[in-house]
Amino acid sequence: MSDSAVRPLRVAIIGAGPAGVYAADILTKAEREFEVSIDLLDAYPAPYGLIRYGVAPDHPRIKGIVNALHKVLDRGDIRFLGNVTYGRDLKLSDIREMYDAVIFATGAIKDARMEIPGIELEGSFGAADFVSWYDGQPDVPRTWPLQAKEIAVLGNGNVALDVARVLSKHAEDLLVTEIPDNVFEGLKDSPVTDVHIFGRRGPAQVKFTPLELRELSQCRDVDIVLYPEDFEFDEASDALIKSNNQVKTMVNTLTNWIVEEQDTGASRRLHLHFLHNPVEISGEDGKVSGIKFERQELDGTGNVKGTGEFIDYPVQAVYRAIGYLGSELAEVEYDAQRGVIPNEGGRVLDADGSHVAGVYATGWIKRGPVGLIGHTKGDALETIGNLLEDRLSLPMASNPSEDAIIELLEARGVEYTTWDGWKKLDAHEISLGEGASPAQTTNGPVDRARVKVVEREEMVRISRG
Ligand code: NAP
């Protein structure tokens, strides 16, 4: 590690979502006696990962985290290189030649598996795919089948709320957001009348957060429907409600919704069911026609057991929002069960459980898809702390020049994008929003925040000028 005294430590971070940007920022600011030079690479032509392609368009407060990430990347001490796919455009051996360390921050964008009969039927969807569609992710089809009048959303987490909200809102109420045109056109013609959210445990066991739950009642022309028989609380639930303010707030919100009259005669309804464990999706002509649940009861510990009573609901679409899964990455160990890269404190492990020198992970690909965006900072702190601790044993890159990656990408014909390119695309999307507004809705004209460019080629063309 002798030449490190005379050159900066070269670090590649794969993934420019919040996890990658926080890691880059923390490494840049860390107390150290040597220079660092960081490249932040992403498979998408634009930065911000989950914020751009995972947060619902009608969540401007969370989308606002982009402003903080923008400030970090705009300082100029972290280089963004987009439209570069690890495993295809760049192999681990390439990275090892050019960087002393690599940090994987690729997140989790696939749906967790659910194995019940009928899951393969037409009209059975993963929430992650739907989120990718409504957030204009470049690699998914531009149209989404929205023919169902009655829809089941499985899961009691915030993703289930996002999906149910977007499905039940009137499309024109999403026009103020950065919703892409193809998404507005798709949602506009949806015939949906009833969206049912099903949780397998009780109201005290939901994984929602209070703000996101309360937001449901603010959807125009959508009534919330609850079922008093689902409000069961065991000893563990009572203890949780007493000890956890967040749970208490949510249970209060839900019980108030039962007490208050929620039936306003709206044209759409959002039903919240608890203690329903999905057992089978039924179909006709290969398409979803219903879903069967076994009714559950709490077992005293906050967990549930089946009652032997089965209930069928007629639905024409099922969305499973039961958690995300990180994707496998080339030349790195993968825990298929948890959807993470096996690691200890962010130090990536090989099949024998030994640390692969110079290879790290942070964010959801490190610890699984739980927690809010801010929690990723703690991950980054731990991973960067360990990387800095390992500094003297890092394998040294043989070609650490900052030009090496650019030369390699150009030689391979990779149309990479840059931070300046993102600023062009950003300005372009905002100007499309200004040009498109005011959109005419039944509430009067609305200004559109921006209109997202969805096609990868178009994103690259605009970014590269
Ligand atoms: P999550 O919070 O882990 O919720 C998953 C839900 O799926 C749980 O209710 C779980 O029930 C249920 N589930 C799991 N397996 C199931 C099965 N086989 N059958 C029926 N239900 C099943 O996951 P998420 O909703 O994907 O969210 C991931 C993270 O992103 C969370 O930390 C979330 O807060 C965050 N997020 C935040 C926002 C926001 O607006 N703030 C938006 C989206 C996501 P059990 O509890 O019984 O396991």
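Biologist: In which helix is the place of Lys63?

Modeller: This is a predicted model, and the positions discussed here are to be read as such. The helix that holds Lys63 spans residues 60-63. That element is helix 3.

Biologist: Does Lys63 count as buried or exposed, and at what relative accessibility?

Modeller: A residue is classed as buried under 20% relative accessible area and as exposed over 50%. Lys63 falls in the buried class, because its relative accessibility is 10%.

Biologist: Which side chain does the side chain of Lys63 join in a polar contact?

Modeller: The contact links two side chains at 3.3 Å. A polar contact requires a pair of N or O atoms within 3.5 Å. The partner of Lys63 is Glu178.

Biologist: Which residues of helix 4 are buried, and on which side of the helix are they?

Modeller: Helix 4 covers residues 65-74, and its buried residues include Val66 and Leu69, together with Val72 and Leu73. They span an arc of only 120 degrees around the axis, which puts them on the same side of helix 4. In general, an α-helix has 3.6 residues a turn, so residues three or four places apart point the same way.

Biologist: Which residue just after helix 4 takes a positive phi?

Modeller: The phi value there is about 95 degrees. The residue that takes this value just after helix 4 is Gly76.

Biologist: Where is Asp221 found, and what is its phi?

Modeller: Asp221 is in the loop between helix 9 (210-214) and strand 9 (222-226). Asp221 counts as partly exposed, because its relative accessibility is 29%. Its phi is positive in a residue other than glycine, with a value near 60 degrees.

Biologist: What is the phi of Glu331, and where does Glu331 lie?

Modeller: Glu331 lies in the loop between strand 15 (324-325) and strand 16 (343-344). Although Glu331 is not a glycine, its phi is positive, at about 65 degrees.

Biologist: Which residues come nearest to the ligand?

Modeller: There are 23 residues around the ligand. Those that come nearest are Asn156, Asn158, Arg200, Arg201 and Gly371.

Biologist: How far is an oxygen atom of the ligand from a polar backbone atom of Asn156, and how much of the ligand's accessible area does the protein cover?

Modeller: An N or O atom in the side chain of Asn158 is 2.9 Å from an oxygen atom of the ligand. For Val159, a polar backbone atom is 3.1 Å from a ligand oxygen atom. A polar backbone atom of Asn156 is 2.9 Å from an oxygen atom of the ligand. Of the 920 Å² of accessible area that the ligand has on its own, the protein covers 83%.

Biologist: Why does the ligand lie between domain 1 and domain 2?

Modeller: The shell around the ligand has eleven nonpolar, seven polar and five charged residues. Helix 7 (residues 158-168) gives the most to this shell, with three residues. The ligand lies between the domains because both give residues to the shell around it: domain 1 (9-109 + 326-416) and domain 2 (112-324).

Definitions and conventions: Residues numbered from 1 in each chain as written. Predicted model: local features only at pLDDT ≥ 70, side-chain atom pairs only at ≥ 80, totals over all residues. Heavy atoms only, no water. Near = heavy atom within 4 Å. Polar contact = N/O pair within 3.5 Å; in protein donor to acceptor, adjacent residues only side chain to side chain. Areas by Shrake-Rupley, 256 points an atom, 1.4 Å probe, with all protein chains shown as cover. Helix = DSSP H or I, 4+ residues; strand = E, 2+ residues; numbered from the N terminus. Nonpolar A, V, L, I, M, F, W, Y, C, P; charged D, E, K, R; others polar. Domains from an automatic or database assignment. Buried < 20%, exposed > 50% of the residue type's maximum accessible area, 1.4 Å probe, protein only. Arc of directions from axis to C-beta.
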